[in-house]
Amino acid sequence: VLVVLAFVVVLRHSGDYEKITIAEEYVDVEQSVLGKISHVRYQRYWTRVTLRESEGSKTSLWIGSHNKAVEFGRTTMDNAQREELVAHLRRALVKTR
């Protein structure tokens, strides 16, 4: 029963994805979970990337500006990958300031 349940979960989430696009004037974050696509756009100059302590020793990566943010990579990355992505995004964003 647990194996079947695991396959059902995997199949339901097989189309899930997350995407960040950094353009000259904006940053787009697109996420698809269970077929529902959400899209947010931030002005590149004002976009901030933060790494927050979460449950236990887990971190969470947030992208946003003006008191609005979305979590990115919650289920697809471990702490080390989040830290690496935060450093990369910060370098990419600082080039416009």
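**Entry 1**

The model is predicted; local features need pLDDT of at least 70, side-chain atom pairs count only at pLDDT 80 or more, and totals for chains, interfaces and linings use all residues. Residues are numbered from 1 along each chain as its sequence is written, and side-chain values use heavy atoms, with hydrogens and water left out.

I took strands (E, at least two residues) and helices (H or I, at least four) as DSSP runs, numbered from the N terminus. Strands pair if DSSP finds at least two bridges between them. S4 and S5 (residues 59-65) are antiparallel and share six bridges. Between S5 and S6, also antiparallel, I find five bridges.

I then checked the hairpin of S5 and S6. Two residues lie between the strands, and histidine 66 has a positive phi near 50 degrees.

The three strands make an open sheet, ordered S4-S5-S6, with antiparallel pairing. S4 (48-53) and S6 are the edges; each has a single partner strand, so one side of each lacks a neighbour in the sheet. The twist averages 30 degrees from one strand to the next.

**Entry 2: the helix**

Helix H2 (residues 79-94) lies across S4, S5 and S6, at about 155 degrees to S4. Angles run from 0 to 180 degrees between N-to-C directions, with axes fitted to C-alpha atoms, for helices over the stretch in contact. Contact means heavy atoms within 4.5 Å.

**Entry 3: the largest pocket**

I noted a volume of about 350 Å³ for the largest pocket. Its lining has 14 residues; Asp16, Glu18, Ser32, Val33 and Thr75 are the closest to the centre. A pocket is an open set of points on a 1 Å grid over the protein atoms alone, where a 1.4 Å probe fits, with protein on both sides within 12 Å along at least five of seven lines; lining residues have an atom within 4 Å of a point. The volume is the space filled by probe spheres set on the points, which are joined across faces, edges and corners.

S1 (17-22), S2 (26-33) and S6 (68-72) each give at least two lining residues. S2 has the largest share, three residues.

**Entry 4: serine 32**

Is serine 32 buried or exposed? Its relative accessibility is 5%, so serine 32 counts as buried (under 20% relative accessible area, 1.4 Å probe, protein chains only). Serine 32 sits in S2. Leaving out residues up to four places away in sequence, serine 32 touches Gly15, Asp16, Tyr17 and Ile37.

Key:
Buried < 20%, exposed > 50% of the residue type's maximum accessible area, 1.4 Å probe, protein only.
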